[in-house]
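Work through each task on your own before you read the solution.

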Amino acid sequence: MTFWGPQGDFLVRPAPFHLFVGEETATAAFGPMIGSLGPGARVYGVLESESADDQLSIPGSHGLRRVHRDGASAASSQRLLAAVSELELPDNSGAAYLAGEARTCQMVRDYLVRERNWPRGAIRVKPFWTSGKRGLH
């Protein structure tokens, strides 16, 4: 499988560790981003999919937790948010990359800022879709 890199400003940047959070649509961006990190990079995060059968493999993603919706909506995903809240992260000095459904990305960003005291500037968000809207990029 070949992953093409993301365009624009959704790129990895130097940080003590990297946090990746998203659902199936995020894997296209996360694959090359994680692949661009050195072998010693500290990678954390959560990838959500409908089921284990729907998971896409991402090389070097050993630090990512997998969760499944099992029929729940991917929009405003409480399951993904709950999984992020359970992560044991070193501190709030990392770089976070959130991608996928717009409202879920916003909920996770707000959680990181309000509950985990992450600076907004350390969080990059790339909404790819939301129910009832076209043309997100």
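**Exercise 1. Start with one residue**

Find the residues that Leu80 contacts, leaving aside its neighbours within four places in sequence.

*Solution.* Keep in mind from the start that this is a predicted model.
- Step 1: With those neighbours set aside, Leu80 is in contact with Val21, Gly22, Val46, Glu48, Val67 and Thr104.
- Step 2: Now place Leu80 itself, which is found in helix α2.
- Step 3: Check its accessibility. Buried means under 20% relative accessible area, and Leu80 has 2%, so Leu80 is buried.
- Step 4: Leu80 and Arg66 lie 14 residues apart in sequence, and their C-alpha atoms are 9.4 Å apart in space.

**Exercise 2. Look from the other side**

Take Thr104, one of the contacts of Leu80, and describe its surroundings.

*Solution.* 
- Step 1: Thr104 belongs to helix α3.
- Step 2: Its relative accessibility is 3%, so Thr104 counts as buried.
- Step 3: Not counting residues up to four places away in sequence, Thr104 touches Ala74, Ala75, Ser76, Ser77 and Leu80.

**Exercise 3. Two helices side by side**

How do the axes of helix α2 and helix α3 cross? Work out which residues meet there, too.

*Solution.* Two packed helices are described by the angle between their axes and the distance between the axes.
- Step 1: Helix α2 covers residues 78–85 and helix α3 covers residues 102–115; their axes come within 10 Å and cross at roughly 25 degrees.
- Step 2: Compare the angle with the cut-off: angles under 35 degrees count as roughly parallel. Therefore α2 and α3 are roughly parallel to each other.
- Step 3: The crossing of α2 and α3 is right-handed.
- Step 4: On the α2 side, the residues are Gln78, Leu80, Leu81, Val84 and Ser85; they meet Thr104, Met107, Val108, Tyr111 and Leu112 in α3.
- Step 5: Sort the contact of α2 with α3 by class, and you get seven nonpolar, three polar and no charged residues.

**Exercise 4. A helix and its cover**

Is helix α1 largely enclosed by the rest of the structure, or largely open?

*Solution.* 
- Step 1: Helix α1 spans residues 27–36, and seven of its 10 residues are buried, so α1 is largely enclosed by the rest of the structure.
- Step 2: The buried residues of α1 are Thr27, Ala29, Phe30, Gly31, Pro32, Met33 and Ile34.
- Step 3: Their cover includes β1 (18–22), β2 (43–49), β3 (64–68), β4 (95–101) and β5 (123–129).
- Step 4: Contrast this with Ser36, also found in α1. At 49% relative accessibility, Ser36 counts as partly exposed. The C-alpha atom of Ser36 is 7.9 Å from that of Val12, 24 residues away along the chain.

**Exercise 5. Residues in loops**

Which loops hold Ser76, Asn117 and Glu88, and how accessible is each residue?

*Solution.* For the backbone part, remember that most residues other than glycine have a negative phi.
- Step 1: Ser76 sits in the loop between β3 and α2. Its phi is near 50 degrees, a positive value in a residue other than glycine. With 25% relative accessibility, Ser76 counts as partly exposed.
- Step 2: Asn117 sits in the loop between α3 and β5. Its phi is also positive, near 60 degrees. Asn117 has a relative accessible area of 54%, so Asn117 is exposed.
- Step 3: Glu88 sits in the loop between α2 and β4. Its relative accessible area is 73%, so Glu88 is exposed. From Glu88 to Tyr44 is 44 residues in sequence and 8.8 Å in space, C-alpha to C-alpha.

**Exercise 6. The whole chain**

Describe the order of elements in the chain and how confident the prediction is.

*Solution.* 
- Step 1: The chain has three helices and five strands, and from the N terminus on they run β-α-β-β-α-β-α-β.
- Step 2: Of its 137 residues, 41% count as buried.
- Step 3: Among contacts with a separation of 6 or more, 68% come from residues 24 or more positions apart.
- Step 4: The mean pLDDT of the chain is 88, and 88% of the residues reach 70 or more. Over residues 1–6 the pLDDT is below 50, and beyond near neighbours in sequence this stretch has 14 contacts in the model. Where pLDDT is low, the predicted coordinates should not be read in detail.

Methods
Residues numbered from 1 in each chain as written. Predicted model: local features only at pLDDT ≥ 70, side-chain atom pairs only at ≥ 80, totals over all residues. Heavy atoms only, no water. Axes fitted to C-alpha atoms, helices over the stretch in contact; angles between N-to-C directions. Helix = DSSP H or I, 4+ residues; strand = E, 2+ residues; numbered from the N terminus. Parallel < 35°, antiparallel > 145°, perpendicular 65-115°, else oblique. Left-handed = near helix turned anticlockwise from the far one by under 90°. Contact = heavy atoms within 4.5 Å. Nonpolar A, V, L, I, M, F, W, Y, C, P; charged D, E, K, R; others polar. Buried < 20%, exposed > 50% of the residue type's maximum accessible area, 1.4 Å probe, protein only. pLDDT = per-residue confidence, 0-100.
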